[in-house]
Amino acid sequence: MDQKFVLPGDEVAIAEMFSPGAGTYEENGVIYASNTGHVVFNERDRVVWVQPVTSVPQLPRRGDKILARVTDIRSNMVLLDMLRKEGSTRQLGCTKHATLHVSEITKKYTRSPTQLFGEDDIVRCQVIKHKPVVFVTTSADDLGIIHSDCGYCAVPLVMGEKGLECSECERSFKRYLANDYGRVHMPL
Ligand SMILES: [Zn+2]
């Protein structure tokens, strides 16, 4: 696909047609690039973002907010693969693995994460320790799951009266959600 190359300040799209994603900002109904890179249109979600051209690897640091995918759920921890820093479309240039210990899920006592997370859920978490291995927390309102698919039907779960619900099989799920669940648009 032919992708338009833009510099910061270049016009990317009209805000009527698309929402501004990573690497863009909106002003007076027009979406402009805030990064140098290639314009990517997500037609399904009507979001546009700018994929940076730089290949300098990003390393997670303490305090960084990271988007990560759940790979395993144990009795006392959740294992994640870090995808990228929040607001960035660049891959993290490091070990991908992060650990969320059960005591760091929420301020409340949690006995086990098995009912709060599902495999392949996308989680916004914050780095609390990055050496020698990455440990993260989800103990804040804006942290937690931001995207989850039904494990049976592979369609995105939506907020309903009983928690997360699948529109296909009508199963409901209880999960540990960020306060903007379902409203985050980004390249996953
Ligand atoms: Zn389902």
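Domain bounds here come from an automatic or database domain assignment. The model is predicted: local features need pLDDT of at least 70, side-chain atom pairs count only at pLDDT 80 or more, and totals for chains, interfaces and linings use all residues. Residues are numbered from 1 along each chain as its sequence is written.

**Exercise 1.** Find how far apart the C-alpha centres of domain 1 and domain 2 lie, and what their contact is made of.

*Solution.* Start with the bounds: domain 1 covers 5–52 and domain 2 covers 65–146. The C-alpha centres of these two domains are 28 Å apart. Next, look at the contact (C-beta atoms, placed from the backbone, within 7 Å). Domain 1 gives five residues to it and domain 2 gives four residues.

**Exercise 2.** Work out the strand order of the open sheet and which strands form its edges.

*Solution.* First, the terms: strands are DSSP runs (E, at least two residues), numbered from the N terminus, and two strands pair if DSSP finds at least two bridges between them. The open sheet has four strands in the order 1-6-7-3, with mixed pairing. Strand 1 (5–6) and strand 3 (19–20) are the edges, each pairing on one side only.

Now walk across the sheet. Strand 1 pairs antiparallel with strand 6 (residues 37–42) over two bridges, and Phe5 stands opposite His38. Six bridges then join strand 6 to strand 7, again antiparallel, with Gly37 opposite Pro52. Finally, strand 7 (residues 47–52) and strand 3 pair in the parallel sense over two bridges; here Ser19 has Val47 as its bridge partner.

Definitions and conventions: Contact = placed C-beta atoms within 7 Å.
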